[in-house]
Amino acid sequence: METRIKESINNPEQLEKLYRADKKSFEKSFFSIYHEIADSKIAEFWKARLEYENQGEPKIRIKKSDVLFLIITCLITGFLIKIPQIFDIGLDDYVFYERNAGLIVLLGLSAYLFLTKNKINYKQLAASIVIFGISVVYINLLPSNRESDSINLAYLHLPFLLWCLFGLIFIDFDMKDKYRRIDFIKYNGDMAILASIILIAGGILTFITIGLFSVIDLEIEKFYFDYIVIIGLVSSPIVATYIVKNFPAVTNKIAPIIANIFCPLVLITLIVYLISILFTGKDPYNDRDFLIVFNFMLLGVVAIIFFSVSGTSVNKKQRFSELILFTLSIITLIVDLIALSAILYRLGDEYGFTPNRTAVLGLNLLIFVNLILIMIDLYKVGFKGKEIKTVELTIAGFLPIYTVWTFLVTFGFPLIFGMK
């Protein structure tokens, strides 16, 4: 709703339609983003209208049901993650966490979204249950072979595939509206930062709690880590989602902070890092471990670009931030070219395709194409006066392609490479 209001701020007729379609949601979303659109005369009018109707800005009312569903979801997620201990399953034999940890967290997040929807679409619910069920059966029936690269890739990619399903649940399976995909990207940035803050606070609390009990000669470390810490870890994304959902006025400020402060720091760090490589003698062509780290760095920077574009778009046009993003996209494209050339070099040098090399090559090619499109759009934004929302639409339009690739790696690679 927030995105739609911002898109329609100069269209009074469309704003009226949005208001009449869902008055409560419109009102809550409008006041959450008012600081971003305050310069608009139409926004000023709507503020006066809504305040007159409500005799002041509406207070956030937290539903008791939301809190109840939060507690229930966290407890069920915690129970599922403790299955190996509760039923005395040997982790070395069943690699339970390797197969199921990401699945359990995303199941908890998806369940919380469904439980807190104003109206549940039972067809969507049934489809989601079927997909989760197939995923559970599939990943747990794969052979327990730690030496199989294709199976390890399936373990790694299944959570990302289920994250795509979670995204569909988030946008109510509306695959045509790209702006809703943008909302999902923004949500992930807000949720990741809030979850990190929660975990840091939890770490401090853990340190204090264990210290206090040790003073009175009670050793609670094993119990605390086995039950409180593990359950807290898997619950943190759900708690963060609760905060994003119920306190939009707070969370809407997170993405702009990333775009305005963190993004320039990443750009400087990346430039210094690339220059340092020239003097250290390290290179991704002959050092496999370095190539792996290099690719993880690439993924991290691409994620930062995605979230920063979303963060920049919620503010008025900011040329400095847009130029920083444009420069970062160029540097990231250079990093991706280095990674691609290193992968192709190793393919020729070490004779042939393996599951790992194929997966990394495919992902890097997708990122390369996506980065080129993003760079072109950012150039138009910075130098041609285009709106940054064109960049968001490019990012949103590419998400289904990543989903298809993730599906292929998860379900196709074990068969294509014969479980090797």
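1. Let's start with how H8 and H12 cross: the crossing is right-handed, a term used when the near helix is turned clockwise from the far one by less than a right angle, with anticlockwise giving left-handed. Helix H8 covers residues 96–116 and packs against H12 at an angle of about 30°, their axes lying 9 Å apart. That makes H8 roughly parallel to H12; angles under 35 degrees count as roughly parallel, over 145 as roughly antiparallel, 65 to 115 as roughly perpendicular and the rest as oblique. The axes are lines fitted to C-alpha atoms, for helices over the stretch in contact, and the angles run from 0 to 180 degrees between N-to-C directions.

2. A word on what you are looking at: this is a predicted model, in which local features need pLDDT of at least 70 and side-chain atom pairs count only at pLDDT 80 or more, while totals for chains, interfaces and linings use all residues. Residues are numbered from 1 along each chain as its sequence is written, and side-chain values use heavy atoms, with hydrogens and water left out.

3. Which residues of H8 and H12 meet? From H8 come Val-105, Gly-108, Leu-109, Tyr-112, Leu-113 and Thr-116, and from H12 come Val-234, Pro-237, Ile-238, Thr-241, Tyr-242, Lys-245 and Asn-246. Contact here means heavy atoms within 4.5 Å. The residues of this contact of H8 with H12 divide into 8 nonpolar, 4 polar and 1 charged. For that sorting, Ala, Val, Leu, Ile, Met, Phe, Trp, Tyr, Cys and Pro count as nonpolar, Asp, Glu, Lys and Arg as charged, and the others, Gly among them, as polar.

4. H8 also packs with helix H9 (residues 122–141), at an angle of about 170° and with axes 11 Å apart. H8 and H9 are therefore roughly antiparallel to each other. On the H8 side the contact is made by Arg-99, Asn-100, Leu-103, Leu-106, Leu-107, Ser-110 and Phe-114; the H9 side includes Phe-132, Val-136 and Ile-139. The tally for the contact of H8 with H9 is 9 nonpolar, 6 polar and 1 charged.

5. Now back to H12, with H11 as its partner. Helix H11 (residues 178–215) and helix H12 (residues 221–246) pack at an angle of about 150°, and their axes are 8 Å apart. H11 and H12 are therefore roughly antiparallel to each other, and H11 passes H12 in a right-handed crossing. Among the contact residues are Tyr-187, Met-191, Leu-194 and Ile-198 of H11, together with Tyr-224, Phe-225, Val-229 and Leu-233 of H12. The residues of the contact of H11 with H12 divide into 17 nonpolar, 4 polar and 2 charged.

6. Two residues of H11 deserve a look. Lys-186 is found in helix H11 and is buried, with a relative accessible area of 13%; buried means under 20% relative accessible area, exposed over 50%, and partly exposed in between (1.4 Å probe, protein chains only). Lys-186 and Ser-308 are 122 residues apart in sequence and 8.9 Å apart in space, C-alpha to C-alpha. Leaving aside residues up to four places away in sequence, Asn-188 touches Trp-163 and Phe-307.

7. The loops on either side of H11 are worth a visit. Most residues other than glycine have a negative phi. Phe-173 is not a glycine, yet has a positive phi of about 60°; Phe-173 sits in the loop between helix H10 (149–170) and H11 and is partly exposed, with a relative accessible area of 22%. Asp-217, also not a glycine, has a positive phi of about 65°. Asp-217 lies in the loop between H11 and H12 and counts as exposed at 66% relative accessibility.

8. Further along, Ser-321 is found in helix H16 (residues 319–349). Is Ser-321 buried or exposed? Ser-321 is buried, with a relative accessible area of 4%. Ser-321 and Ile-261 are 60 residues apart in sequence and 9.2 Å apart in space, C-alpha to C-alpha.

9. Finally, the whole protein. There are 18 helices and 0 strands, both being DSSP runs numbered from the N terminus (helices: H or I, at least four residues; strands: E, at least two). Of the 420 residues, 45% count as buried. Among contacts between residues at least 6 apart in sequence, 75% join residues at least 24 apart. The protein exposes about 22,100 Å², with carbon and sulfur atoms supplying 69% of it; accessible areas come from the Shrake-Rupley method with a 1.4 Å probe, and for residues only the protein chains shown count as cover.
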